[in-house]
Structures are given as C-alpha cells and as structure tokens.
Amino acid sequence: MPGAYEQYLVPVIFRPFAEDLAARAAALNPGRVLELAAGTGVLTSHLLAAAPSVELTATDLNEAMVALGSTRAPGAVWRQADAQQLPFPDGGFDLVVCQFGVMFFPDRVEAFREINRVLAPGGRFLFNTWAPLETHAFEVALQAGLERAFPVDPPRFFPTVPHGYSDPAVVAADLAAAGFAVEDEQEVTLQGRAASTADLATGYLTGTPVRAAVEERGDGPAVRATVIEEMTTRLGPGPVTAPMTAYVFLAAA
C-alpha cells in the first residue's frame with residue numbers, strides 16, 4: 001500500500017500542499033521540528049529543502065510508511081510514533097507540523113494536548129486538513145465510482161475520514177480545548193495534475209484504506225474497471241487537472 005500511495009497519489013494529491021506547507025514552516029524559522037503522520041515523506045523532503053538547517057524528526061504510526069519514508073527523506077530522523085502518546089520529552093520542539101494527518105487521530109483533543117506538551121513555550125503547531133468532499137474534484141469522482149460499483153453499502157472512507165474533519169470551527173474548538181491559541185486559518189485551493197485517470201484510480205484503490213474495503217466486498221478487477229469508467233466520464237482519460245481545497249491552521253502553544 002505505501003508503494004502505490006507514493007507512486008500514484010503523492011505527486012498528484014499531496015505534493016502541491018507539501019510545497020505550500022513547507023514554505024509556511026520555513027517562514028517561521030524553526031530550529032527543532034517534529035513532523036507527525038509523515039507518510040512516505042513528501043512534506044519531509046520539502047521541509048528539508050526549504051529549511052536545510054532544521055533538526056527534523058519525522059514520525060508515522062505505520063511502520064511500513066516509516067520504512068519507505070526514511071529512504072525517501074534520509075535527512076530526517078525517522079521514528080514510529082503514536083500522536084496520542086508521543087515518545088518525546090516536554091518542550092523539545094519549536095514547531096510541530098502535520099500534513100493531512102489530524103483527521104486520523106482517534107482522539108484529536110488528546111493528540112493536540114500531546115503536541116502542546118512537546119512544544120517549547122511559544123512553539124507553533126502548523127497543519128492542514130481537507131475541506132468538505134465536494135471541494136476535491138478527484139475524490140468526488142472516486143466516490144461516485146465506488147457508489148456505482150457498490151450500490152448497496154459503498155465504502156465511505158473518503159467522506160467520513162479524510163473529509164470528516166472539515167469544519168474549521170470544530171477544529172478551532174479542539175485546539176482551544178488542548179490549550180492552543182489559533183493564530184491563523186486559511187482556505188487554500190490548489191490544482192492536482194494527473195497524467196492518467198486510470199493511474200489515479202489505481203492509487204486510490206490500492207494505496208489507501210479503501211483497498212481493504214474493496215477486497216472485503218468482492219471482485220477487485222470489476223470494481224477497478226467500474227471506478228475508472230466513472231472517473232473517466234467525470235474527469236476525462238487524462239492528463240487531467242482538478243481543484244482540491246484544504247484548510248491550513250497555525251496555532252501557538
């Protein structure tokens with residue numbers, strides 16, 4: 001799964017926002033940076049390029065992601081870590097960054113408290129989260145394909161998890177409950193560019209948790225064909241460009 005994620009999804013979906021978040025992080029001039037939910041290291045790589053003097057520790061809950069990410073961004077120190085139980089001392093970092101990871105935290109307030117704990121006084125927490133599903137054209141088409149392939153009980157991972165933390169007021173309230181003060185919140189829309197709609201569908205179906213849901217429900221090749229057909233009807237065969245919207249938060253400890 002990490003390999004498919006890296007090959008098909010990272011360049012199209014995650015790299016544009018990694019470039020944006022890395023530039024924002026570098027502008028804060030941090031010394032010691034902790035990255036959470038680093039995945040295969042797309043933000044990690046851009047952070048190291050944008051701020052080469054930082055001491056960067058990159059973490060992910062998934063050991064397979066850590067293994068692949070450490071080969072993609074060897075300039076960081078990589079560790080497996082749970083955001084709700086961070087294995088770091090109090091006040092050890094100037095900045096914590098997280099790209100599209102907070103949606104996956106089972107208890108976001110508890111995770112935010114842990115992040116606050118490992119930040120030095122005045123440290124910052126910089127992260128992004130996806131806006132509602134309808135603002136992400138690729139994933140609107142994907143979900144339509146899944147609903148066509150599974151008219152009864154289609155996988156709902158994308159509406160409920162990646163796009164399930166898409167109310168900025170709720171995010172701000174959770175940050176406040178964990179002791180953070182929100183300094184800035186912005187809506188950012190960037191363009192994703194995919195060479196092939198078929199490759200993009202393959203990435204979503206084999207490089208995300210949807211993979212398990214599809215395998216549980218039956219005929220993988222037939223599902224893939226249906227999803228590709230629906231996505232191609234909506235987006236074209238490729239190359240295709242489509243808008244994707246996220247919210248970016250900067251909070252102070």
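Predicted model: local features only at pLDDT ≥ 70, side-chain atom pairs only at ≥ 80, totals over all residues.
Colleague: Why is Asp 153 called exposed?

Modeller: Asp 153 has a relative accessible area of 54%, and the label exposed is given over 50%, buried under 20% and partly exposed in between (with a 1.4 Å probe and protein chains only). Since 54% lies over the 50% limit, Asp 153 is counted as exposed. Residues are numbered from 1 along each chain as its sequence is written, and side-chain values use heavy atoms, with hydrogens and water left out.

Colleague: What makes the phi of Asp 153 worth a remark, given that it is not a glycine?

Modeller: The phi of Asp 153 is positive, at about 55°, and the residue sits in the loop that joins α5 (137–149) to α6 (157–160). Most residues other than glycine have a negative phi, and most peptide bonds are trans. Phe 100 is likewise a residue other than glycine with a positive phi, near 50°, and its place is in the loop between β4 (93–99) and α4 (108–118). The helices and strands named here are DSSP runs numbered from the N terminus, helices being H or I with at least four residues and strands E with at least two.

Colleague: Is Phe 100 buried or exposed, and how do you know?

Modeller: Phe 100 has 5% relative accessibility, so it counts as buried.

Colleague: What kind of peptide bond runs from Gly 238 to Pro 239, and how do you know?

Modeller: Omega of that bond is near -5°, and the bond from Gly 238 to Pro 239 is cis. Pro 239 belongs to the loop between α10 and β7 (240–252).

Colleague: What is α1 to α8, oblique or roughly perpendicular, and how do you know?

Modeller: Here the packing angle is about 120° and the axes are 8 Å apart, and α1 and α8 are therefore oblique to each other. Ala 4, Tyr 8, Leu 9, Val 12 and Ile 13 of α1 take part, meeting residues of α8 that include Leu 200 and Tyr 204.

Colleague: And why are α5 and α8 called roughly perpendicular?

Modeller: Their axes are 11 Å apart and the angle is about 70°, so α5 and α8 are roughly perpendicular to each other. Phe 138, Glu 139, Leu 142 and Leu 146 of α5 make this contact with Leu 200, Tyr 204 and Leu 205 of α8.

Colleague: What makes His 136 a buried residue?

Modeller: Its relative accessible area is 0%, so His 136 is buried, and it lies in the loop between β5 (119–130) and α5. Beyond its neighbours within four places in sequence, His 136 is in contact with Ile 13, Trp 130, His 163, Tyr 204, Pro 243 and Met 244. The C-alpha atoms of His 136 and Thr 245 are 6.1 Å apart, although the two are 109 residues apart in sequence.

Colleague: How do you know that Glu 35 is buried?

Modeller: Glu 35 is buried with a relative accessible area of 1%, and it belongs to strand β1 (residues 32–36). Leaving out residues up to four places away, Glu 35 touches several residues, among them Leu 43, Leu 47, Leu 56 and Val 97.

Colleague: Which residues of the largest nonpolar core touch the most other members?

Modeller: They are Ile 13, Phe 112, Ile 115 and Phe 125, in a core of 85 residues, and helix α1 (residues 2–27) gives the most to this core, with 12 residues. A nonpolar core is a set of buried Ala, Val, Leu, Ile, Met, Phe, Trp, Tyr and Cys residues joined through side-chain atoms within 4.5 Å. Ile 115, again leaving out residues up to four places away in sequence, touches Leu 36, Leu 86, Val 96, Phe 105, Phe 125 and Phe 180.

Terms used:
Contact = heavy atoms within 4.5 Å. Axes fitted to C-alpha atoms, helices over the stretch in contact; angles between N-to-C directions. Parallel < 35°, antiparallel > 145°, perpendicular 65-115°, else oblique.
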